[in-house]
Amino acid sequence: LEAFAGYEHKYRYAVVGHSGDGPCTPLIDYGAPPADAKERLKVLKKMSAHTQYCQSGDSTLEAARAAVAEVGAHDADERFV
């Protein structure tokens, strides 16, 4: 998150997590990056809280498939998953 700070005009990104609860836990939506350090801290707290209360299990492969499909659906010069 810190690496993207100041480059919001250049990069459009989303951040999702995965766990035993499922392959896609939205943390940051496309086009809605955290505006400042306080907002970035909220994202980190959300990540931490999710890990405390999610079911055990692994959704890594499902998450990778969903991420590739989601990123491929957007027009872009380059894509990273």
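Helices (H or I, at least four residues) and strands (E, at least two) are taken as DSSP runs and numbered from the N terminus. The structure is a predicted model, in which local features need pLDDT of at least 70 and side-chain atom pairs count only at pLDDT 80 or more, whereas totals for chains, interfaces and linings use all residues. Residues are numbered from 1 along each chain as its sequence is written, and side-chain values use heavy atoms, with hydrogens and water left out.

The chain holds 2 helices and 2 strands, which follow the order β-β-α-α from the N terminus. Along the principal axes, the C-alpha atoms fill a box of roughly 35 × 30 × 15 Å. Of the 81 residues, 16% count as buried; buried means under 20% relative accessible area, exposed means over 50%, and partly exposed lies in between (1.4 Å probe, protein chains only). With a contact defined as heavy atoms within 4.5 Å, residues 24 or more positions apart account for 44% of the contacts in the chain with a separation of 6 or more.

The chain carries 9 positive and 12 negative charges, whose mean positions are 5 Å apart. In this count Lys and Arg are positive and Asp and Glu negative, while His and the chain ends are not counted; the place of a charge is NZ of Lys, CZ of Arg, CG of Asp or CD of Glu. Side chains of opposite charge can pair when their charged atoms come close. A salt bridge is a side-chain nitrogen of Lys or Arg within 4 Å of a carboxyl oxygen of Asp or Glu, and the count by this rule is 2.

R40 counts as buried at 12% relative accessibility, whereas E2 is exposed at 56%. Leaving aside residues up to four places away in sequence, R40 touches L1, E2, A5 and P34. A salt bridge is also formed by E39 and K42, with the closest N and O atoms 3.6 Å apart. These two residues are 3 residues apart in helix α1, so about one helical turn separates them. E39 is partly exposed, with a relative accessible area of 32%, and K42 is partly exposed at 47%.

Rings of Phe, Tyr and Trp (its six-membered ring) pair if their centres lie within 6.5 Å; planes under 30 degrees apart count as stacked, over 60 as edge-to-face and the rest as tilted. The count by this rule is 3 aromatic pairs. Among them, F4 and Y11 are edge-to-face, at 5.8 Å centre to centre and 65° between the planes. Y7 and Y11 have ring centres 6.4 Å apart and planes at 65°, so this pair is also edge-to-face. F4 is partly exposed at 31% relative accessibility, as are Y11 at 41% and Y7 at 42%. One aromatic cluster is formed by F4, Y7, Y11 and Y13.

H9 is found in the segment before β1 and is exposed, with a relative accessible area of 70%. The C-alpha atoms of H9 and G31 are separated by 9.7 Å, the two residues being 22 residues apart along the chain.
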